[in-house]
Each structure stands twice: as structure tokens, then as C-alpha cells.
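Here's a quick briefing on a few helices and strands. Have a look at the model first, then read on.

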Amino acid sequence: MVSFRAGRMGSFGLAVNRYTNFPFQSWEIRPEGGSDGAGVILSVTAATVLIEFAVREDQAAMVQLQNATTVALQEMIGVYYRPDKLIRLLRRGGVNLFPEPDARHYVDGRRPPKHAVAERHAYRCMAVLSGTHQFTASRWNVHAPFDRMVMQMKETQPPAVEAADGAETTLSSSSAIGGQAGVVPYKMVMVTPERAVLLKCTEVSQVFSEEPLDKPSDVAEAGLRYASDLLTLVGHNPSDVDFKATETLFYLMDKIKFLSYS
């Protein structure tokens, strides 16, 4: 066996597997937090690398890169680019997380991609909700049929409640849980071309079940059980959406397609 490193691949590149980072092991979308104007973090754990993107308005930056085979991309960390340019630079540097239409034929497992229209709409809904909700991968998604996308979701901002004087205030996590501080748990969500539904099963269940959540925590959750998409499921208010950041995040998600390849 012969092994070597080359700064420029040239014709050797014809023999390189461009999908060595597939399938993805995990992914996560969460608000960046911090001061006003903070963006959204998109984290992808691929087969060989872990990479995090920060999205702010119409630009994105790679803010973390682990297990890369070269240090050539280290100078890009923290530098914001337009998303299409960022993708070109990553591909040129040997980090390819962006599958072509025929990628399923070259990825281990030969898994079929998810329903194209439903997948793109799910990405757009997730991008709109990224400022107030956190999403992460579920182990059940890989075995779900092509028209079933399974993920975990939770709200990161406490709900607003109306005080006696009519002013709105936020309910802290400690007051929401009987005076004891706690972490909001993830809920299992399944998205199909027809609906989005909260599921009874969890990430640690013995088997996967499409049975809807049978004991909702409140009347609103029960009424939204058969929502048409994620936006309807959470009762989203579009008044506070950063549309530039939403489009940038959607562009990255649609290029990575982690629902099809994780």
C-alpha cells in the first residue's frame, strides 16, 4: 500500500472518493445566543470531520473544524462569506459536505434520498424557526421511509405570558417547572409531505412508532397535533423573523441535505 500527501491533486483527484464525509453522523441547529444581532449555528458531524457554521444575515462563516486532514482551511475560520462562496472554498479545500443529485449511488448503505419537495419545505420551516427553536438529528430518521423525516425539536425561548397589567413577560424555566431549574426536553417530530406531527416515542424508546403524542401537555398542543408543517405545528408568529439569515441558513441546509444523508 502506498500513501502520500499532495498540495495539488491534479489527475490523482480522479481516484479520490468525494463522499468520504458521508453519511453524516449527526447535525444540530441552534440560536447562537449572546448579544443582539447574534445568528444561528449549524453543526454537522460527518463521517470524518466535525464542522460548525455561524449564519448572520446574508453571510456565513465556518467557526469550528475538527479532524480535518489538512490545516489549509484554518485561515477561513471565523471569516464570513456569502454562502455560495463558502461552499466553493470548502470544496476546494477538500471538505465536501454538499452532495450531488447522484450521491446516493456512492454513499455507504445506498439509502434513498428523502422526498425532495417535503425535504426542502422542512428546511425552510426550520430556518424560519431557528431563532426560537433548536433542532437535532434522530437515530430513527435513517430507517424511516423516504417520505418520512424524523428529527428532535425543542423551544429555546420561554413562552411569553401576559401579566395582570397587560404587559408581556417571559416565563423562566425555573418558574415553569415548579420553582426548580430544568432543561426543556426535546420532542420527537415526524414530517411528511402531508403533515408534521409530534410523536409519542423518544430517542431512547425501544422501537420506533408513528403513534402521535397521546398525552399533550395543553389544549393547544392537542389541537396542533395534525398540523400541515412545522410552522403550523408550533404556531409560529412571522413578525420577528430575520429573513436574510433565514434565506442564508436555508441555502446551506438545502446544499448539505442532512435529512437525506444522516
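The expected span of a helix is 1.5 Å times one less than its number of residues. Helices (H or I, at least four residues) and strands (E, at least two) are DSSP runs, numbered from the N terminus. This is a predicted model, where local features need pLDDT of at least 70, side-chain atom pairs count only at pLDDT 80 or more, and totals for chains, interfaces and linings use all residues. Residues are numbered from 1 along each chain as its sequence is written, and side-chain values use heavy atoms, with hydrogens and water left out.

**Helix 2**
- Helix 2 (residues 116-129) has 14 residues, so at 1.5 Å a residue it should span 20 Å, and its end C-alpha atoms agree at 20 Å apart.
- Its buried residues (under 20% relative accessible area; exposed is over 50%, partly exposed in between; 1.4 Å probe, protein chains only) include Ala118, Tyr123 and Leu129.
- Among the elements covering the buried residues of helix 2 are strand 7 (149-155), strand 10 (187-191) and helix 6 (243-256).

**Strand 10**
- Strand 10 is mostly covered, with 4 of its 5 residues buried.
- Strand 10 pairs (DSSP finds at least two bridges between the strands) with strand 7 in the antiparallel sense over 5 bridges.
- Methionine 190 in strand 10 is the bridge partner of valine 150.
- Strand 11 (residues 196-198) also pairs antiparallel with strand 10, over 3 bridges, and the two form a hairpin with 4 residues between them.
- Valine 191 sits opposite alanine 196 in strand 11.

Definitions and conventions. Contact means heavy atoms within 4.5 Å.
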